[in-house]
Structures are given as structure tokens and as C-alpha cells.
Amino acid sequence: MSTEPGPAEDAVDAEPGTPGDAEDGGGPQADAPDSGDTAEGGTGPDAETGKDAARLSEAEAELAAQRLERERIEKRKAEKQRIASGTKLSGTAADLLAAVRAVESGEKPVAAVFQEPEPTPRRTAAEPRPQPVSAGAAAVAAGPAPQTVEAVRLVLSEGGAPEVLAPQVASLLGEGAGESLRSDPWQLLRVGGVRPEQADGFARALLGAECGPDDERRGRAVTVWLLEQAALAGHTALEMSALTAALAQRSVPDPDAAVQSALAEGDALAFQDVLDPTAPEPEGDEERPVRVLVGLERYALAEESLADGLARVINSVPKEDGSGAEWEGTAASAGGSAAELIRAVAGHGLVLHTGGEASLAEPAALLDAARGLGLRAWAAAHSPIGRERFASLVGRADAPDAPEPAVATVAGLLSGAEGPGRDADGTLDLDLLVVLDAPQLDVETAALLAESLPDGARLVLTGDPAVLWSAGPGRVFADLLAARVCPQVASRRPDPGPLGELVSGIGIGELPQVEAPGKEVVIVPVRDAGEAVHRTVQLVADSVPRAIGVPAEDTQVITPGHGGAVGTRALNTALKEQLNSGPGRFGGFDPGDRIAYSPAPGRTLPGRVVKADAEGLHLSCAGEAVVVPKERVEQSVRHGWALTAHQAVGGRWPAVVVVLPGDAAQALSRPWVYTAFGRAERHLSVVHGVEQALPRAVAEIPAKPRTTRLPTLLAPQVPGATG
């Protein structure tokens, strides 16, 4: 690995950098134009008016469609005690409004300020190819009654909270929201970005002497707030001891009573999971050791539905399409680990496939082979970029009538906007589904996919287990790999060249010095934040285009967080000034700006600004036209010359500049470095100001653990599961 400035020789001072968001804390949040650095996209539905009301935006169509699926899941769970999860917080006037806006725009780290994520229910459809629902009904149902909003506005004003929060609070609390908020001011914690201390101030203003830290309503609200914070950090539940300790830190005088109150009111659910399900039954009066977990109903239902769906896929006999001899012949012609993958899929409902970028050729060979055998086979990626990249690997000789390769996005597949559609039973009309970038699956999305598969269908989850985990709660792919509930095929196809060698070394905890004769890898040392910014801009605008031949529009900057002197905001400001300066007449954007658009929590779509008019901001994302209404621009669109690693997962660019300022040292981990460095196809420049923190992070700091229940839930349903 070259240690000279290389393509950045002429780069002068660069810029500073600080992790300022979900990634700083190693949280699982997708840090992008989402709200709160993980939940991209903000709160609340956006109903369009006029001619826009005739059809849903991509995010609305997806959520409306999936909401129907969630109802189906909940019906099947009717025999269980279900309780709606609530959250409560509140805030003080200007500070509260600033906090809410900071979360919605992604300015604050998730560890510091929270936002309640949008539910991701699954979709049911009666027709073979469901069409997006009309936006009219959704728009009507989305908005609270004006009198309800006004009643809430009066209560907020009385308590010193920003009145602009009234529509959000009214939507969350429903009819009678004003009286409900007055009787329990801590319900303001349901609004994303409000913190307990702000809720306390609001409650004191309304309740006066009646308000105290031992108030039962406060204990419940803070309990649920902490569970939501845990979900934003990737946990689907918290151990009781961890939850009560966190409550004590939040000045709740009786943490146990607070948890019990939240459970009694249905704001949370408790579980007792056996620590070792495979252990023999204890004798006499002995009891099996258990761990007591507390979680929000939303994620509990999703994880249970996921376990049920996966058990059904694993235990069912795959549909017989093609004889054993045909499968074997196809496998033999593929050779290598692609042959292993095809053989495993031939006889099993669920198969896990692991490998780096080069290994994508193997699921592509599987998809071609399955379609050649007559299976209705589809692949799904998490982003349009991933979809197009995989589609370029898929042959079409076996399906000459197909206008496009059978590759969709996960969101498009679930909503019915892409893919094969659904049959009369509401299940996906396919025999084989290959899900790419599987580590990005959170429990809710994974549950929707598993529940959407018809009996006898095959499911292949493929991805690189070393990258950052999902933005949403859970670690589905890692849990399944650890549980050993199905065949696992590890690709033996290494990523080529110096970049492949470097990333492979990082994956096993080493930071190798690689030979890079073509300047594939260049280290650019910097001393401070200002120099880091300067060198980053010069690399993108001049050095990489001149020395490597990659234009600025094909170079992606990746940094640990959104905030700080070298976060995405500071870098994007500097890069815009250099590459597309303008007045930013529409919410800070001009035509030609590179952007990161978050249509839904946890999803980031890179693109460009085309124009702005009365309809909103017109974007081009992976060749698709997107119109973002004016009122949603601030919370769902950011400049995109610089992204965080979580935003960049699933994407690849010809050249990547990874910025590691001195104050980013604590944000680094092996998965972060592996993900950031692995986004480069031809060239990687590392703006390096963390000294020995980089090799130390690679060698010593693995992924932060997440508390999940999936292995425990699978163990009794799948023979041989390790739990």
C-alpha cells in the first residue's frame, strides 16, 4: 500500500472530520438523509395534493402496501397477547424544536437523539400483479382532524413546546390527542428527536408541583424511549438488567416498577428465553437458566414472524422443478463454488451464500440455471445500484422473451412495483428468491420476505458477512449463519487486485501493506481537520481525475459521520462549492447537485438534482425520476458527494476517497473500515489522520453485539438448530 500522497500530491490542506451520527456509536443506523441518522426519511406520511394525489410516491406506495401485510401477520398472532407499543418523550420550546429538526435532518447522532422508525409491515394482494393503491384514500386517512391539531397546539403552547409539532402529536395520539397529552405530558416522547429532559420540562410546565421523577407516567415513557434507542442501535430487545440500569441512569427512582408499569400498560413485552435450548431437562425442582428480555411489540412480532416463516421454508420440501439429473448437469457446467450453490439449492428450501464482490457471479449463475430449468426465479437487491450491478451479471439467453433480467429491489418486490407480483393467496408468484446484500436485512423486512414466500419456494440469502449490519434492528444474516439451520456455501472466488487483497486482509483482522503499482491504493496523511477537508476536495476535483482517470462524478467520498468538522455536511459544503457552486435556491440545492435521497427509513438512493418547481425537487436516482415534495426535502434529501459507510453499503464506485480525521478514531471498527474500503472498484484514497487507530480498529474492534431472539425462536422449530 503506497504511503505517499500519490494522486493527491498536489492536494493542499484538507478538511477536518468528526463522526457525528449513528455510526459514531457503531449503531446500526443508516446515516443518510434519514431522520436521525438511521431512520432515513423522517416521520409522518406526506400526502400530495392536486394531480400528485392521484398516485403514491415510492415510499408511500411501499408503506401502504406493506401495511396490509402487517395486518395479516397480526391476525395470525391473535392468540398471543398483543399490546400496542408506545413511546413517550417531551421537550422545551426552542431546544425541543431544534432537537426534532436535528433528528429529522440527520444532524444529531442516534445515540443522542431518537426518532421512532416507520413500521414496515408486509403486503397482501389478491390479484396476480397488485398495482399501487390510489393516494387519495391514504392522503385522507393520513391527516388528523383540524380541531384535534388545534387542541394539541394549545397544549403545546401552554407547556412551552413548539406548536409546529402539533400535527405530529395529533397523528400519533389520535382523536382526543389534546386531552391525552395534557393528562400525560410525557407522551410527547413519541415525537422523534424529543429527549427525556425536554419531556420533563414540558411536563413541569403543565403539571407544576405534581410533576416528579417518580411519576409512573414518566417511568413508562422513559422505559419505552430506551427500548426505541436500543432498536436504533440494532437490538430487537434488551436484557432486563441492562434496561433497569439504563433507567436508573435516567433518574427513574424505581426502575423495576417502571418496567412493570410499561408491561402492564402494553407499552412493552417481556420474554423468558432459555439460555441453552439443547440442554437436557433439569431434574427435580431445578429450573433451566433463562434470560429475561424486554422489547417493543413491533420487533417482537417481526422476529416471531420471521422465525415462523423461515422454519416453514426450511422444513418444507422444495418444489420439484427439473429432475435431479438436470440440476446436477447444470451444477457440473457451472463448476467451483457456483456448482456447490446450485446443488445446495436443488435440495433445500433455505441456503446461505457468503463471499465478496466477485462472488456475485455465483448467485447470478444460480439464477440463470434456475430459469433454464423452468423455475420462476428472481433476485432482489436493496438499492437500484445493486439491482443494476447484479442485472449486468445475469444472462438472458435462457429467457429471450424477458425484456429485463429478473432482478428487482427488495422494496419494489414487497410493494408489487417490481418483480413477479403476488398470487391469489397474497404470496410472491415465484419459485426461487435470491436476496442480495443479505447483511442489510433487518428483522421487519426479512419477516415480510419470509412470510411472502409460497410453500415449496426456495430462498437464498447471499452477502458478505464482514460488512456493516442492517440499519434497522436485528442481525438476521449473522444469526442464521451462527444458528446453522441450513446449508452454507462459502465462495472461494477472491476479489481481484490490490484492492481485493487489502479488503480481504481487513476481513480477517489485518491491515496489509499491498503492492499498488497502478496507484490502486494511496494513503494521504493529514495533520488536522482543515487539511483533511482540503485534501479531500482536491483529490475529488483534481488529483484522482488527473492521475487515475476517474472523473469527479464517479468518485465517492466516505466519512464516519454526518456531524463535526469533517462529517458529511462539512465535506458536502466544500465539495459543492468546488464542483457545483450555486445559490441553493431550493432548500440549499441546485440542478446538478449530487444527492442522497432517503425515501424510507434505512434506505439511501444516490442521485442528482434535475430541477425544482412547484411540485418539488426533481431528482434522478439510478436513472429513475423522483419528485420530492417541498415539505419533505429538508428531512429526506442531503447532498451526496460525501456519504457515511452505512449509506454507501451496497454501492460501488470507480474511485472512493475514505476520510479518517483524527476525531473519528472512536467511530472506527473492522466492519466500518471493511465496508468503506470495499466500496472502491479501481482506486482507493485514504485521507489518514487517525494514526495507529486504524490498524487497531481493524485488529481489535469487531461489530458491536446486538441482542436478538431469532436463534432462540428458531431452535425449537428447526431440527439441528444450535439456537
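Author: Let me begin with a term: contact means heavy atoms within 4.5 Å. This is a predicted model, in which local features need pLDDT of at least 70 and side-chain atom pairs count only at pLDDT 80 or more, while totals for chains, interfaces and linings use all residues. Residues are numbered from 1 along each chain as its sequence is written, and side-chain values use heavy atoms, with hydrogens and water left out.

Reader: Thanks. What do the buried residues of H10 pack against?
Author: They pack against helix H8 (216-232), helix H9 (240-249), strand E4 (269-274) and strand E5 (290-295). Helices (H or I, at least four residues) and strands (E, at least two) are DSSP runs, numbered from the N terminus.

Reader: And which residues of H10 are buried?
Author: In H10, which covers residues 255-264, they are Pro-255, Ala-258, Val-259, Ser-261, Ala-262 and Leu-263, where buried means under 20% relative accessible area, exposed over 50% and partly exposed in between, with a 1.4 Å probe and protein chains only. After H10 comes Gly-266, with a positive phi near 80°.

Reader: How many residues of H8 are buried, then?
Author: In H8, 15 of the 17 residues are buried, so the helix is mostly covered by the under 20% criterion. H8 is followed by Gly-234, whose phi is also positive, near 105°.

Reader: How many bridges join E20 to E21?
Author: Seven bridges join strand E20 (residues 653-660) to E21, and among the residues involved, Ala-655 has His-683 in E21 as its bridge partner. On the other pairing of E21, strand E12 (residues 521-525) contributes five bridges, with Val-521 partnered by Leu-684.

Reader: Is E21 mostly covered or exposed?
Author: E21 (residues 680-688) is mostly covered, with seven of its nine residues buried.

Reader: Last topic: which residues touch the most other members in the largest nonpolar core?
Author: Leu-350 and Leu-461 do, in a core of 87 residues; such a core is a set of buried Ala, Val, Leu, Ile, Met, Phe, Trp, Tyr and Cys residues joined through side-chain atoms within 4.5 Å. A second, separate core has 34 residues, including Ala-680 and Leu-684.

Terms used. Pairing = 2+ DSSP bridges.
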